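Please keep the sequence and the coordinates at hand.

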Amino acid sequence: MVKGIISDMDGVIYRGKQLVPGAKDFVQRLHDSKTPFLFLTNNAEQTPLDLKLKLASLGIDGLTEGNFITAAMATATFLKNQNQKQHATAYVVGGGGLMSELYNVGFSISESNPDYVVVAKCSTLSYEQLKKAVRFIDHGAKFIGTNPDMIDPVEGGLEPAAGTILAAISAATGKKPYIVGKPNSLMMMLAARKLGAHPEDCVMIGDRMDTDIVGGMEAGMKTILVLSGVTTPELMTEFPYKPDYVFNTVGDIDLANL
Ligand SMILES: [Mg+2]
């Protein structure tokens, strides 16, 4: 019996601004069967409220902010669990969403010898920010990334993402960041904990072998690959690991038979 469903969104629930066929029905079946579920995303810019509104605009209603976990939330939870200090500080290269998650777990944002430099995608990135991040890390701040994605596909082409900024800071400091988001199975385990379920009782659904499926597998979850995103059946076989189940879309998943 599945006690929790954790699902990627892009390529699973929607593609760009299009709902994947059967996705609305799938979410309805999750509600009807009272299966706890979370949508998980490496996006650290959007808040759970933004994501809830995005899905509502595509026709998926009835979700709450509690139905989402973002890389920004997972990073804040990780830092809270790691840190014993009363007043830990972080310098943030990233957006307001990440800062508010760090505030929520008791961090202050500081430019005076911060304990951590936390980096996410930052559409307003400046040379000054890069310089500060490099100097703080050089002075001993711990180097953390929300997610490793180098690029985000958006309308009109590609956009440099968190991984690109992390790579620049790495090049300058010679230090490697610890990255919390997918494919780090830590993010999947935090999602399972948020659902109050053991990872072995959860199913991870995604469209990417090298993030969703490997992360779910390493966290000890069952995995479902859907073919509605970036992976074809031929591409799937090129990986040294495989998902437990493969479906064309989430609409084909029979929750009672997992
Ligand atoms: Mg995806």
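The model is predicted, so local features need pLDDT of at least 70 and side-chain atom pairs count only at pLDDT 80 or more, while totals for chains, interfaces and linings use all residues. Residues are numbered from 1 along each chain as its sequence is written. Helices (H or I, at least four residues) and strands (E, at least two) are DSSP runs, numbered from the N terminus.

**Six-stranded sheet**

- An open sheet of 6 strands runs in the order β5-β4-β1-β13-β14-β15, with parallel pairing; two strands pair if DSSP finds at least two bridges between them.
- Its edge strands are β5 and β15, each of which pairs on one side only.
- Direction ignored, neighbouring strands of this sheet are turned by 20° against each other on average.
- Strand β1 (residues 4–7) pairs with β13 in the parallel sense over 4 bridges, and the bridge partner of I6 in β13 is M204.
- Strand β13 (residues 202–206) is joined to β14 by 4 bridges, and the two run parallel; V203 has K222 as its bridge partner in β14.
- From β13 the chain passes through helix α8 (residues 209–218) to β14 in a right-handed β-α-β crossover, meaning that, with the strands pointing away from the viewer, the path from the first strand over the helix to the second runs clockwise.
- On to strand β15 (residues 245–247), β14 pairs in the parallel sense over 3 bridges, and V226 has F247 as its bridge partner in β15.
- Strand β14 (residues 222–226) is mostly covered, with 4 of its 5 residues buried. A residue is buried if 20 or more other C-beta atoms lie within 10 Å of its own, exposed if 12 or fewer, and partly exposed in between, with C-beta atoms placed from the backbone.

**Five-stranded sheet**

- A second open sheet has 5 strands in the order β7-β6-β8-β9-β12, and the pairing is parallel.
- β7 (108–109) and β12 (178–179) are the edge strands, each pairing on one side only.
- Strand β6 (residues 89–93) runs parallel to β7, joined to it by 2 bridges, and T89 stands opposite S108 in β7.
- β6 also runs parallel to β8, with 4 bridges between them; Y116 in β8 is the bridge partner of A90.
- Of the 5 residues of β6, 4 are buried, which leaves the strand mostly covered.
- A right-handed β-α-β unit is made by β6, α4 and β7.

- Contact means that the C-beta atoms of two residues, placed from the backbone, lie within 7 Å.
- Helix α6 (residues 162–173) packs on this sheet as well, touching β6, β8 and β9 (142–145), at about 140° to the direction of β8. Axes are lines fitted to C-alpha atoms, for helices over the stretch in contact, and angles run from 0 to 180 degrees between N-to-C directions.
- α2 lies across β4 (37–41) and β5 and runs at about 125° to β5.
- α7 lies across β1, β4, β5 and β13, at about 155° to β4.

**Nonpolar core**

- The largest nonpolar core has 72 residues, and those with the most contacts inside it are L38, V117, V118, V119, M187, A191 and V250. Such a core is a set of buried Ala, Val, Leu, Ile, Met, Phe, Trp, Tyr and Cys residues joined through C-beta atoms within 7 Å.
- Helix α7 (residues 185–195) gives the largest share of this core, 7 residues.
- Domain 1 (4–42 + 182–257) and domain 2 (74–179) each supply at least three residues to the core; the domain bounds come from an automatic or database domain assignment.
- Not counting residues up to four places away in sequence, V117 touches Y91, A133, F136, I137, A141, F143 and I144.

**Loop residue L58**

- L58 sits in the loop between α2 (48–57) and β5 (68–70).
- L58 is partly exposed because 16 other C-beta atoms lie within 10 Å.
- Leaving aside neighbours within four places in sequence, L58 is in contact with Y14 and L19.
- V20 and L58 are 38 residues apart in sequence and 10.0 Å apart in space, C-alpha to C-alpha.
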